[in-house]
Amino acid sequence: MSDIPFGFNRPGEPGDENEPGKQGPFGAGNMQDFAAMLHQFADMLSNQSSGGGPLNWDLAKDIARHQVAEKGDPSVLDAQRRAVVEALRLADLWLDEVTTHPAGIRTPQAWSRSEWIEHTLPVWSTICDPMAARMVESMGSAMPEEMQAVAGPLVGMVRQMAGAMVGGQAGQALGGLALEVVGSSDIGLPLAPPGVGALLPWGAA
């Protein structure tokens, strides 16, 4: 009769989870992924609870940058920056002869897709935060008042999750736009900082 307790095996015997080449549902690789997911989830909630606004822009930026990185986002070379600066200055000279208003571009720049996301994020925040606030508030107050009183802190968590969900949607939209635009004024909004005009040398994806 075996002296090994029921349900246990010697290392290397069939059923041993430590046997090389075998990984259970919480093997080393899966545990790392699970821990990373929990860490990202904690960061997402801490951003919402620390007064980061109704929309989780850190999450939105991460999603957008990951989206453009998957399609390829080469850094802008010095030669490309010089070519963009000269092109914008030449365009300014042409427009100066046929228009009465100045172009307003004091600082021509060349951006990568990731730089387009970074530099335009403040404008998107100004535009989207009021709408996101209404959406998050409506999601948090969807329950009847009696249930909200009983739920207590859960209502706040629902609003945090709603802000994260809206942030994820905003990130996907920004990433999609970053793959299509060729400059800082494609969509008719002043997305660049004041006085800045930018082109993306790599153009649309």
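Select Glu 118. This residue counts as partly exposed, at 32% relative accessibility. Keep in mind throughout that the model is predicted.

**Stop 1**

How exposed is Arg 65? Arg 65 is partly exposed, with 34% relative accessibility.

Lys 61 has a relative accessible area of 22% and is partly exposed.

Show the three residues together. Lys 61, Arg 65 and Glu 118 are linked in a network of salt bridges.

**Stop 2: a bridge to helix α3**

Which residue forms a salt bridge with Arg 81? Select Glu 115 to see the partner: the closest N and O atoms of the two residues are 3.5 Å apart. Arg 81 belongs to helix α3, residues 78-98, while Glu 115 belongs to helix α4, so this bridge ties together parts 34 residues apart in sequence. Both ends are partly exposed: Arg 81 has 29% relative accessibility, and Glu 115 has 25%. In total, the structure holds four salt bridges.

**Stop 3: the nonpolar core**

Next, turn to the largest nonpolar core, which has 23 residues. Select Leu 55, Trp 57, Trp 111, Trp 116, Ile 117, Trp 124 and Leu 174; these touch the most other members. Then colour the elements that give two or more residues to this core: α2 (57-71), α4 (113-140), α6 (153-178) and β2 (196-199). Which element gives the largest share? The answer is α4, with six residues.

**Stop 4: the strands**

Select residues 107-110, which make up strand β1. Which face of β1 is covered? Pro 108 and Ala 110 form the covered face, and Thr 107 and Gln 109 form the uncovered one. In a regular strand the side chains alternate between the two faces of the sheet.

Bring β2 back into view. The two strands run parallel, and four bridges join them. Stay with Ala 110 for a moment: Leu 199 in β2 stands opposite Ala 110.

**Stop 5: the whole chain**

Clear the selection and zoom out. The protein chain has six helices and two strands. Follow the chain along its sequence, and the pattern reads α-α-α-β-α-α-α-β.

The accessible surface of the protein chain comes to about 13,300 Å². Carbon and sulfur atoms account for 61% of that area. How much of the chain is buried? Buried residues make up 29% of the 205 residues.

End with the contacts. Among contacts in the protein chain with a separation of 6 or more, 71% come from residues 24 or more positions apart.

Methods. Residues numbered from 1 in each chain as written. Predicted model: local features only at pLDDT ≥ 70, side-chain atom pairs only at ≥ 80, totals over all residues. Heavy atoms only, no water. Core = buried A, V, L, I, M, F, W, Y, C linked by side-chain atoms within 4.5 Å. Buried < 20%, exposed > 50% of the residue type's maximum accessible area, 1.4 Å probe, protein only. Salt bridge = Lys/Arg side-chain N within 4 Å of Asp/Glu carboxyl O. Pairing = 2+ DSSP bridges. Contact = heavy atoms within 4.5 Å. Areas by Shrake-Rupley, 256 points an atom, 1.4 Å probe, with all protein chains shown as cover.
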